[in-house]
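Please prepare a briefing on the structure shown below.

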Amino acid sequence: MHAQPRHRPQSRSGRRWVDAVLVSVLVTLVVAGAAAVISGRYQLRPVLSGSMRPGLPVGGIVITERIPVSSLQVRDVVVFHSPENAQELIVHRIISLTRGPSGPVVKTQGDANTAPDPWTFTLQGKVAYRAIYTLPLLGYVAVWAHGPSGRVALVLVGLLLLLGAIATGMVSQRRASRSPTRRDGRRSPTQPVPPDLVDVDSAN
C-alpha cells in the first residue's frame, strides 16, 4: 500500500516574508524620522524640568513641529528662548496671545506652575516650534541626537537598517524560489520522487 504524500504548509516562507515586511516598515520609519529631524521640520527637545508635568514628564522628550508663527493659538505648547537667558530653551504653554506689528505678543505658563511666567514677549521670525507629542525617558538621547555626532550616527543607523532590510528580502526571496527539502535529506513529498528514491517498504 502506497503512503499518501503529506503536503507541508508553506508557513516558513510566509513568516520570512512577514519578517521582511516588518523590517522594511521599521527601516522606513527610522529613515523618515531621521530625515525629518535633520531637515529641521521636527525637533526633539529634552524635558529637564517639571514645570509642564504631568503632560511632559522630566527625563522625556517633546517632539515639536515647525509651523508658521501666524498659526499659533492660545493653549499651544511652544519652544522659545528665555527672555532672561537667550541660551535657555523653555517649553511652556501660551496663555495669552495678541497680534503685534513685529509678531505675536505672548504670555506663557508651565502647566505645573501656579503663576504665569514673569514676562511677556514677542515671537520673532516667521516660524515657531509647537509641541505635538512626548516620549518618556529619552530626554538625554535627544540632546545627543541634536549634536553633530548624533546626526551622523542617525544617518548611518538608518542606512545600515535599510541595507539589512534589502539583504533580508533578497535572502528570503532566494530561499522561497528554491525547492523545499525535508530535514531527513529526502525531497519534499510535493515534488515528483525519482524511482530510485522510493521507499521499498512503502512500495510493498
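Read along the sequence, the chain follows the pattern α-β-β-β-β-β-β-β-α-α-α, with 4 helices and 7 strands. Helices (H or I, at least four residues) and strands (E, at least two) are DSSP runs, numbered from the N terminus. The model is predicted: local features need pLDDT of at least 70, side-chain atom pairs count only at pLDDT 80 or more, and totals for chains, interfaces and linings use all residues. Residues are numbered from 1 along each chain as its sequence is written, and side-chain values use heavy atoms, with hydrogens and water left out.

**The chain as a whole**

- Of the 204 residues in the chain, 29% are buried; buried means under 20% relative accessible area, exposed over 50%, and partly exposed in between (1.4 Å probe, protein chains only).
- The chain has an accessible surface of about 13,700 Å², and carbon and sulfur atoms hold 61% of that surface. Accessible areas come from the Shrake-Rupley method with a 1.4 Å probe, and for residues only the protein chains shown count as cover.
- Among contacts in the chain with a separation of 6 or more, 53% are between residues 24 or more positions apart. Contact means heavy atoms within 4.5 Å.

**Nonpolar cores**

- In soluble globular proteins, nonpolar side chains tend to be buried together.
- The largest nonpolar core has 13 residues, of which Leu72, Phe80, Ile94, Val106, Phe121 and Leu123 touch the most other members. A nonpolar core is a set of buried Ala, Val, Leu, Ile, Met, Phe, Trp, Tyr and Cys residues joined through side-chain atoms within 4.5 Å.
- Strand 3 (77–82) and strand 4 (85–100) each supply at least two residues of this core, and strand 4 gives the most, with 3 residues.
- A second, separate core is made of 8 residues, including Leu56, Val77, Val79 and Val91.
- Leaving aside neighbours within four places in sequence, isoleucine 94 is in contact with Leu72, Gln73, Val74, Arg75, Asp76, Val78, Val106, Lys107 and Thr108.

**Strand 5 and its partners**

- Strand 5 (residues 103–109) is largely enclosed by the rest of the structure, because 5 of its 7 residues are buried.
- Strand 4 and strand 5 form a hairpin with 2 residues between them, and the two pair in the antiparallel sense over 7 bridges. Two strands pair if DSSP finds at least two bridges between them.
- Within this pairing, leucine 97 has valine 106 in strand 5 as its bridge partner.
- Strand 5 also runs antiparallel to strand 6 (residues 120–122), joined to that strand by 3 bridges. Lysine 107 stands opposite threonine 120 in strand 6.

**Salt bridges**

- Side chains of opposite charge can pair when their charged atoms come close.
- A search of the whole structure finds 2 salt bridges; a salt bridge is a side-chain nitrogen of Lys or Arg within 4 Å of a carboxyl oxygen of Asp or Glu.
- One of them joins aspartate 76 and arginine 130, with the closest N and O atoms 3.5 Å apart. Aspartate 76 is in the loop between strand 2 and strand 3, and arginine 130 is in strand 7 (residues 127–135), so the pair links distant parts of the chain, 54 residues apart.
- Aspartate 76 counts as buried at 14% relative accessibility, whereas arginine 130 is partly exposed, with a relative accessible area of 23%.
- Arginine 93 forms a salt bridge with aspartate 111, the closest N and O atoms lying 2.8 Å apart. Arginine 93 belongs to strand 4 and aspartate 111 to the loop between strand 5 and strand 6, so this pair ties together parts that are 18 residues apart in sequence.
- Arginine 93, at 16% relative accessibility, counts as buried, while aspartate 111 is partly exposed, with a relative accessible area of 36%.

**Two further residues**

- Proline 68 lies in strand 2 (residues 61–68) and is partly exposed, with a relative accessible area of 46%.
- Leaving aside neighbours within four places in sequence, proline 68 is in contact with Lys126 and Val127. The C-alpha atoms of proline 68 and tyrosine 129 are separated by 8.6 Å, although these residues are 61 residues apart along the chain.
- Glutamine 43 lies in strand 1 (residues 42–46) and counts as buried at 14% relative accessibility.
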